[in-house]
Amino acid sequence: MGMSIDIRIANNSEAREWDQMVEASPNGTIFHTWEWIKIMEKHTGTKLYPIIGFKGHTPIGVFPIFYQKKHAIKMVFSPPPHASVLYLGPALPDYEKMKQSKKESAFLAFHDKVNDFINSELKASYISISTSPGLLDSRPLTWSGYQVEPRFNYLTDLSGGADHIWQQFKKNLRQDIERTRRKGITIEEGSKKEVIKVHELLVKRYKDQGKTVSDSKEYLLDLFKTFSKVGMRVLVAKYQGDIVTGLIDVHYKDKVTSWIGNLKSNMKKVSPNDLINWEAMKWACDNGYKYYETMGAASVKRLHSYYSKWSSGLLVWFLARKYPSITSKILESSYLRILKPTYSRLKSKRG
Amino acid sequence: MSLEIRIAEKKDEKIWDMVVDESPHGTIFHKWKFLKIMEKYSKAHQLGKMTKAKLYPLIGFKGEEAIAIFPIYLYRTPLRMVYSPPIGTGVTHLGLVISKYDEMKQNKKENVLATFIKEANKFISTELKPRTINIKTSLNDPRHFLWLGYRVEPLYDYLLDLREGKEHIYKNLDADVRKNIQRAKRFGFVFSEGTNKDLKFVWRSVVKRHEEQNIKLGIQLNFLIDIYKAFGDNLKVFVAKEKGKPVTGMIIICYKGKTSLWVGSTKIKNVHYSANDFLTWEIIKWSCKSGYEYCENIWANDMRLCKFKSRFNPDISIYYSLKKSSLLYDFFKNLKRKTKRKKIGRNGNVY
């Protein structure tokens, strides 16, 4: 006999309680917070269902899910696509304080209830959930029929302090950073103008690669407006007045996450990317953060070796997908193997 | 990085075992003698034919130093199969291990893994030519397998930290486990270390329990006897007795600061339900007294069994399943699953 859980959809007046629950969950992130999920809903063409689970009167978890109907196919995501957010999923307050059997029964019961809601109310044909780091257990997803795969981010442990981390870097890296500084490249914290510039750099780089940036300038500006003083920083590397690269970081609880940007600059013999990364890490050390996370590079074969020299280890999280019907599995498979590459080739031919 | 990879021979036994001892992921199952005993007994059943395993023990050298090993088992069945661990041995993880892995910096770890995995994968596909590959590894970085097209899934064991001592552990057991331990004492169960005879008793009880669930146990008694003879220092049998007769038992592995509950402790008819909780608790106490730091309860992937095992309040530890199959193999496997409806046991190899 499992735990008995009820779920309901949270409303705007519960934003504070929602955020408190996210704060109290070991795997709660800035992306789970009320303002962030509302902004994602606004800019991704999805409908947000911010689900809260209760055991009796006690709230035991939050789970923001995003619904979208496209080409007659009903889909549920957490996080939604085109938001540059890699993970989200459920967050359970005080999860780490529970005994193991309670962790399992709470997570399983909550997940089952949400799953029932997705199947019976939303009737989704395709479900994609990425859980966030700090939730090592993916079994409730496997047990309820999801196909689960691990994903990784790089993590640097900052507990030794900036000097210690500097000494751990390879000599080449330290020399590159010093040389870049001597050349006159400076790192500055920016504001709205710099957010727009970072977005422009992203658009240009993606265009050169025949791709389009899926998140809009307005999305980033909305987030910056809300989080700039409490959880988001934009850094730019400048050379002779020009911005050569930029980076948007988020910070929450004991971690700074390098979120968007740090596109490789075209400058020769110097490395503004290394300098900006180092300055971001130093700021994290100086401001008492325990960890520095690099979003997205570890799982990408092309990027991982550049970032591995900065990190002390890996963070694992999980991508879980469900295809309730064989049709949607065939559709996703065809899309990834045939339609998407064909479309990309056609686009690049058109130039 | 350049690594020389070849197939190890008997003369390499000492350096092979040294790599196992020096790797954080090396287990007793990776030891040369254990691998050879598994080769002797492991068989695969496919399309009406029984085929024996052949061990290919890959070893990687950097200059003169052996730094990586990867025991691979080939079955020359009609649809050839590669397994690590092999079939029918009750061993749940094997795969590759890297010597002194935890002492390396992140980018060095990745260089070693990238080179060794690439070469091992090349050997498997060009020399062994299997239709299916099935590996289970404790390595916490399976990305190179993901990038080589393997399907990677998380699996779990339970791991109990013993370092705070038995009083602390007892206090944190679920209440019903503590009650069962007291009940068992009042009932008169006695805990003792067993002998060869008790090894046979444990094996018979596991066979019987599997038969009740219509599963054929792959592990042979002579396999366990050979292991017990070869690894007397690392294998213990414990039983709970009622009026001098064993009513339940467990074969445990003791290696590198950890005891692992390997085979046994099954539900037994006509025995008081508190017997298994009592046995597990006594093994935990014995492990504490004997100076072990962890007690592992292998296989935390079956939802029904987890309900029992989680009550001892362990943590979970993750390992990974790495699979790759041809379409033809998948087709036959799914066909067989649909026609036979066999339950996949913890060996994962009933097919």
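**Loops, helices and the contact between two chains**

Q: Where in chain A is A:P79 placed?
A: This is a predicted model, in which local features need pLDDT of at least 70, side-chain atom pairs count only at pLDDT 80 or more, and totals for chains, interfaces and linings use all residues. Residues are numbered from 1 along each chain as its sequence is written, chains are lettered from A and ligands numbered from 1 in the order in which they are written, and side-chain values use heavy atoms, with hydrogens and water left out. Helices (H or I, at least four residues) and strands (E, at least two) are DSSP runs, numbered from the N terminus. On that numbering, A:P79 is in the loop between β4 (73–78) and α3 of chain A.

Q: Is the peptide bond from A:S78 to A:P79 cis or trans?
A: The angle to look at is omega, which is near 5 degrees here.

Q: Which loop of chain B holds B:P85?
A: The peptide bond from B:S84 to B:P85 is cis, with omega near 10 degrees. B:P85 itself lies in the loop between β5 (81–84) and β6 (97–98) of chain B.

Q: What is the phi of A:A72?
A: A:A72 belongs to the loop between β3 (58–70) and β4 of chain A. A:A72 is not a glycine, yet its phi is positive, at about 65 degrees.

Q: How far apart in helix α6 of chain A are A:E178 and A:R181?
A: Side chains of opposite charge can pair when their charged atoms come close. A:E178 and A:R181 form a salt bridge at 4.0 Å, N to O (a side-chain nitrogen of Lys or Arg within 4 Å of a carboxyl oxygen of Asp or Glu). Because they are three residues apart in helix α6 (residues 171–183), their separation is about one helical turn.

Q: How many salt bridges cross the interface of chain A and chain B?
A: Over all chains, the rule counts 33 salt bridges. The contact (heavy atoms within 4.5 Å) takes 32 residues from chain A and 35 residues from chain B. Across this interface, the number of salt bridges found is zero.

Q: Which element gives the largest share of the side of chain A that touches chain B?
A: The elements giving two or more residues to this side are α3 (100–122), α4 (139–143), β6 (147–157), α10 (301–308) and β12 (313–322) of chain A. The largest share is seven residues, and they come from β6(A).

Q: What is the separation of the C-alpha atoms of B:S192 and B:K241?
A: B:S192 sits in strand β9 (residues 190–193) of chain B. Leaving aside residues up to four places away in sequence, B:S192 touches B:V237, B:F238, B:V239 and B:K241. B:S192 and B:K241 are 49 residues apart along the chain, and their C-alpha atoms are separated by 7.6 Å.
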